[in-house]
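Dear colleague,

I am passing on a structure to you, and I would be glad if you looked through it before reading my notes below.

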Amino acid sequence: MLGELLAEMLETMGHEVCGIERTEADAVAAAFHCKPELMIVDSSLRVGSGISAVDQICDVGFIPHFFVSGDISRIKASRPAAVAVQKPFCEVDLIYAIQRVLERSAT
């Protein structure tokens, strides 16, 4: 349900959402198929790990991304430089995270 709400919020902001995936394998497959310009990844997926999915995707080619999680301390412990947004979040948090990730990837 969060994925659909997030997609709606992003589309309202003018972004195109190419996929909402609930498993690690589906997230990896969708990224390879859609070749997104940005990924917003929940650290905990229904099956597998969003963090592991990002690792697999970025092994082939880096895609700007940030994580959303109910507990960002786990993400920060393993990836101190990662952009992570704590759930629940608001539109401003999303806008800020998107800007940070895209600015980082442009340098």
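This is a predicted model: local features need pLDDT of at least 70, side-chain atom pairs count only at pLDDT 80 or more; totals for chains, interfaces and linings use all residues.

I began with strand S2, which covers residues 65-69 and is mostly covered, since five of its five residues are buried. In a regular strand the side chains alternate between the two faces of the sheet. In S2 both faces are covered, with His65, Phe67 and Ser69 buried on one side and Phe66 and Val68 buried on the other.

Which strands does S2 join, then? Strand S1, residues 39-42, runs parallel to S2 and is joined to it by four bridges, and in this pairing Ile40 stands opposite Phe66.

Taken together, the three strands form an open sheet in the order S1-S2-S3, with parallel pairing. Because S1 and S3 stand at the edges and each has a single partner strand, one side of each is left without a neighbour in the sheet. Neighbouring strands of this sheet are turned by 25° against each other on average, with direction ignored.

Finally, the helices: S1, helix H3 (residues 50-60) and S2 make a right-handed β-α-β unit, and another right-handed β-α-β unit is made by S2, helix H4 (residues 72-78) and S3.

With best wishes

Note on methods: Residues are numbered from 1 along each chain as its sequence is written. Side-chain values use heavy atoms; hydrogens and water are left out. Buried means under 20% relative accessible area, exposed over 50%, partly exposed in between (1.4 Å probe, protein chains only). Helices (H or I, at least four residues) and strands (E, at least two) are DSSP runs, numbered from the N terminus. Two strands pair if DSSP finds at least two bridges between them. A crossover is right-handed if, with the strands pointing away from the viewer, the path from the first strand over the helix to the second runs clockwise. Axes are lines fitted to C-alpha atoms, for helices over the stretch in contact, and angles run from 0 to 180 degrees between N-to-C directions.
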